[in-house]
Amino acid sequence: MDVSTALSTITTSTTHTNITTNTTSTTATNTTYLAHDSIGIEANELMMLLKDEIGWNLFYEFCTKEYSAENCQCLQDIQTLQNKITRMNGKKRRESCKALQRKYFSGESVQQVNVSGRSRQLIKSIANSKVIDLETANELLIRLRKEVVMNLRDTFSRFILTDDYSDWKEMMMNPESIFKE
Amino acid sequence: MGNIVVSPHDKEGQHHMMATPTSNNPNGGSAATAKNKSEITVLLLGAGESGKSTLFKQVQFFHGVGITHDQERIELIEIVRLNVLENAKNLVAATQHLNIPIEQPENRETAKLIINSLNTNDLEDPSWSKRLYSLWKDAGIQKAYENREKFQLYDSTEYLFENLDRICSDKYVPTVVDVIRTRTKTIGITDMKFDVGDGKQLRLVDVGGQRNERRKWIHFFNTVDAVVFLTSLSEFDLNLYEDNGYWRVKESLRVFNEVVNNALFYKVPFVLLFNKRDLFEKKIATKSFSKYFSGFNEAEEKNPVACIEYMTKLFLNEITEHPLDTVSVKTLSAIDHDNSKQVFEEVKQFIMTQQHRE
């Protein structure tokens, strides 16, 4: 049985959604890798990696291979929004939160990020409210960011076993070593 | 890139991973030719927290792959400690949510610090071992723990709190058991390969189990030679992480139905593993099993064998397409190294035997 036949025998569904995890073209350049200090549960080594441009790019490539790059993209977008949100007016703030919700946290999103049902409900409810005050928006972004970082932590637990990570760590700890050999 | 099919009748986020082909899959091939292939691809599938990655890590350890050396496990200190902090935070939050007071004033102070400022670096200080253990033993926290089906908590909670002496030390190096017991929600897809004789390699593929992660499974559907589907026996009183109002057993049955009846898997050996037997046996000693299954005889609810037989029937009833003679059912305690080794060896033999029959 070929695939299309298999498909038609299983479901009558009509909505096809492309999976877009291989989006490396958005990575290496224009990277807004993390600039904030780690907060609570966002702990150190991963944060060091994400704050460094080379580290970020190596990690992004690894995430892409493991089909989890949506978390990197989401983190970038949250970071960008966190940097801008204090300067946004109420309308723009609401639109931005709504856009973030649609892109990563809606059931229909092709880049849906793996967060708890509670967080998904929270962003849906906030994004759909008529007014989002700055404090609410900031708290929401912090919460979402923590969850996305937790996701990246799983990928990171495998990334640390790669040569890329060893080389990067060596470069960070002994920058002069890259000129040896 | 492959497509997925979303049923228009689904609730938000409840995507089916029915569809299959990934046109650009570099390892493309038909399951029908598996007998002649030098690489056998086995997918570990199942809903979230069914134990796929725990089994995967165990198989890594059997084969000397992954984090077998102290130096490598040192890299995971932070992840183990994060598990401790998350468990502590979830328990403290649960006492508030369930309106259960933390009894001792010093434990209430510890709880405040956990919620507001404690981070993994702080746990290098051995004094945190005593403070966290004291919190863990607080009557309020223990009462919340007894009601853990009402909120999300890792299975490893008790283990981690009982090992705080080691974990909260500047000399701490995670043991293999610590790594196995540490819960990390698996994101994306990862794999490992090992030799199985006759010049063949087995490629074991581990995946995330939550709904959004299941969309990614299809990347491997058309290269698969066997499926090992895990479900947790101990989830009968729990709701989903990604959807608090949805019963885990219902989700597991639904995912199993979609996978086992997928046309691309008709010809491949299929193993159903009922995992977390250890936790399940402990749980039914204190919790009612029959409360969740109206068709189950209440008089048998403390008998694990009867309960597992009932669960087996529930799952096998979902099989409408797959030939039953290529389905094998087993129980597992994936956190138990020896049991995992034995069960995985049986699974491997079953798969190899089925392939020779083709």
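In which sense, left-handed or right-handed, does H3(B) pass H4(B) in their crossing? The first legend answers this for the predicted model.

**Figure 1. Crossing of helices H3 and H4 of chain B in the predicted model.** Helix H3 covers residues 77–97 of chain B, and helix H4 covers residues 105–116 of chain B. H3(B) passes H4(B) in a left-handed crossing. The contact is made on the H3(B) side by Leu85(B), Ala88(B), Lys89(B) and Val92(B), and on the H4(B) side by Ala111(B), Ile114(B) and Ile115(B). Of the residues in this contact of H3(B) with H4(B), 6 are nonpolar, none is polar and 1 is charged. Two packed helices are described by the angle between their axes and the distance between the axes. For H3(B) and H4(B), the axes come within 9 Å and cross at roughly 115°.

**Figure 2. The open sheet of chain B.** The sheet has 6 strands in the order E3-E4-E2-E5-E6-E7, and its pairing is mixed. Strand E3 (189–197) and strand E7 (327–331) of chain B are the edge strands, each pairing on one side only. From one strand to the next, the twist averages 20°.

**Figure 3. The hairpin of strands E3 and E4 of chain B.** E3(B) pairs with strand E4 (residues 200–207) of chain B in the antiparallel sense, over 8 bridges. Within this pairing, Asp195(B) stands opposite Gln201(B) in E4(B). The hairpin has 2 residues between the strands, and Asp198(B) takes a positive phi near 55°.

**Figure 4. Pairing of strands E6 and E7 of chain B.** Strand E6 (residues 270–275) of chain B runs parallel to E7(B), and 5 bridges join the two. Leu272(B) has Val329(B) in E7(B) as its bridge partner.

**Figure 5. Domain 1 and domain 2 of chain B.** Domain 1 is made of two segments, 39–68 and 186–357, while domain 2 spans 77–173. Taken over C-alpha atoms, the centres of the domains are separated by 30 Å. In the contact, 11 residues of domain 1 of chain B meet 5 residues of domain 2 of chain B. The size of an interface is often given as the accessible area lost when the parts come together. Domain 1 and domain 2 of chain B bury about 610 Å² between them, with 35% of it on carbon and sulfur atoms.

Methods: Residues numbered from 1 in each chain as written. Chains lettered and ligands numbered in written order. Predicted model: local features only at pLDDT ≥ 70, side-chain atom pairs only at ≥ 80, totals over all residues. Heavy atoms only, no water. Pairing = 2+ DSSP bridges. Helix = DSSP H or I, 4+ residues; strand = E, 2+ residues; numbered from the N terminus. Axes fitted to C-alpha atoms, helices over the stretch in contact; angles between N-to-C directions. Left-handed = near helix turned anticlockwise from the far one by under 90°. Contact = heavy atoms within 4.5 Å. Nonpolar A, V, L, I, M, F, W, Y, C, P; charged D, E, K, R; others polar. Domains from an automatic or database assignment. Buried area = accessible area lost by both parts, 1.4 Å probe.
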